[in-house]
Amino acid sequence: MLRHVGRNHKKVSAIAALCVSPDRREVRLYFQLLVDENFNSAAVLGFLKQLARHFRDPLLLVWDRAKIHRGLHTAVFLDVMEWSQFHFPPYAPELNPVEYVWSYLKTNPLANLACPDVALLAAAGRRHARSLQHKTGLLRSFIRHTPLSLRVC
């Protein structure tokens, strides 16, 4: 018997950053998941503040022009931190290596996972994303797969 629950609008929202060191030797994945919430400007700013704790030097953010990335508080934070931005063209997920992170997780470790509730889905997502953080070869492949000029060895 297959049990189906209809009209469930619960979800897990995700944000991530693939960070490449200036000498191209290190690639790191940082991520955050929210259970049954959307990322908004405040949540993006919170993620950036958490990311800033890991870096001393200014960063170059390469991301899309989503409204949540263009909030006033985010812009002020980026100016204070002396972080630069480069924006992807309007709809270009194939240029964004983080999209390959989510695609990998959805089509590999999470593909046939049937969670009875959203909390278990979030826990599984965190577990598999943490595991992915240690697979630097795979993280490098996500960057290599994009047609961006940024390349890692």
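What follows is a short exchange on cysteines, helix packing and selected residues.

Trainee: What should I know about the model before we start?
Mentor: This is a predicted model, where local features need pLDDT of at least 70, side-chain atom pairs count only at pLDDT 80 or more, and totals for chains, interfaces and linings use all residues. Residues are numbered from 1 along each chain as its sequence is written, and side-chain values use heavy atoms, with hydrogens and water left out.

Trainee: How many disulfides does the structure hold?
Mentor: A disulfide here is a pair of cysteine sulfur atoms within 2.5 Å. By that criterion the number of disulfides is 0.

Trainee: Is cysteine 19 buried or exposed?
Mentor: Buried means under 20% relative accessible area, exposed over 50%, and partly exposed in between, with a 1.4 Å probe and protein chains only. Cysteine 19 has 14% relative accessibility, so it is buried.

Trainee: Which class does cysteine 115 fall into?
Mentor: The relative accessible area of cysteine 115 is 27%. Therefore cysteine 115 is partly exposed.

Trainee: How are α1 and α2 oriented to each other?
Mentor: Helices (H or I, at least four residues) and strands (E, at least two) are DSSP runs, numbered from the N terminus. Axes are lines fitted to C-alpha atoms, for helices over the stretch in contact, and angles run from 0 to 180 degrees between N-to-C directions. The axes of α1 and α2 come within 9 Å and cross at roughly 20°. Angles under 35 degrees count as roughly parallel, over 145 as roughly antiparallel, 65 to 115 as roughly perpendicular and the rest as oblique, so α1 is roughly parallel to α2.

Trainee: Which residues of α2 make the contact with α1?
Mentor: Contact means heavy atoms within 4.5 Å. From α1 come Ser41, Leu45, Leu48, Lys49 and Ala52. Their partners on α2 are His73, Thr74, Phe77, Leu78 and Met81.

Trainee: Where does threonine 74 sit, and which residues is it in contact with?
Mentor: Threonine 74 belongs to helix α2, residues 72-81. Threonine 74 is buried, at 1% relative accessible area. Neighbours within four places in sequence are left aside; the contacts of threonine 74 are then Ser41, Leu45, Leu48, Trp63, Ile68 and His69.

Trainee: How is α3 oriented to α5?
Mentor: Helix α3 spans residues 97-107 and helix α5 residues 136-145. Their axes lie 8 Å apart, at an angle of about 130°. So α3 is oblique to α5.

Trainee: Which residues of α5 make that contact with α3?
Mentor: α3 contributes Pro97, Tyr100, Val101 and Tyr104. The contact residues divide into 7 nonpolar, 1 polar and no charged. On the α5 side they are Leu138, Phe142, Ile143 and His145.

Trainee: How is α3 oriented to α4?
Mentor: Helix α4 covers residues 118-133. The axes of α3 and α4 come within 11 Å and cross at roughly 125°. So α3 is oblique to α4.

Trainee: Which residues of α4 make the contact with α3?
Mentor: Val101, Tyr104 and Leu105 come from α3. By class, the contact has 5 nonpolar, 1 polar and no charged residues. The α4 residues are His128, Ala129 and Leu132.

Trainee: What is phi of aspartate 36?
Mentor: Aspartate 36 is in the loop between β2 (27-35) and α1 (41-52). At 38% relative accessible area, aspartate 36 is partly exposed. Although aspartate 36 is not a glycine, its phi is positive, about 55°.

Trainee: What is phi of glutamate 82?
Mentor: Glutamate 82 is in the loop between α2 and β4 (84-87). With 57% relative accessibility, glutamate 82 is exposed. Glutamate 82 is a residue other than glycine with a positive phi, near 60°.

Trainee: How many Å separate the C-alpha atoms of asparagine 108 and arginine 70?
Mentor: Asparagine 108 is in the loop between α3 and α4. Along the sequence, asparagine 108 and arginine 70 are 38 residues apart. Their C-alpha separation in space is 32 Å.

Definitions and conventions. Ala, Val, Leu, Ile, Met, Phe, Trp, Tyr, Cys and Pro count as nonpolar, Asp, Glu, Lys and Arg as charged, and the others, Gly among them, as polar.
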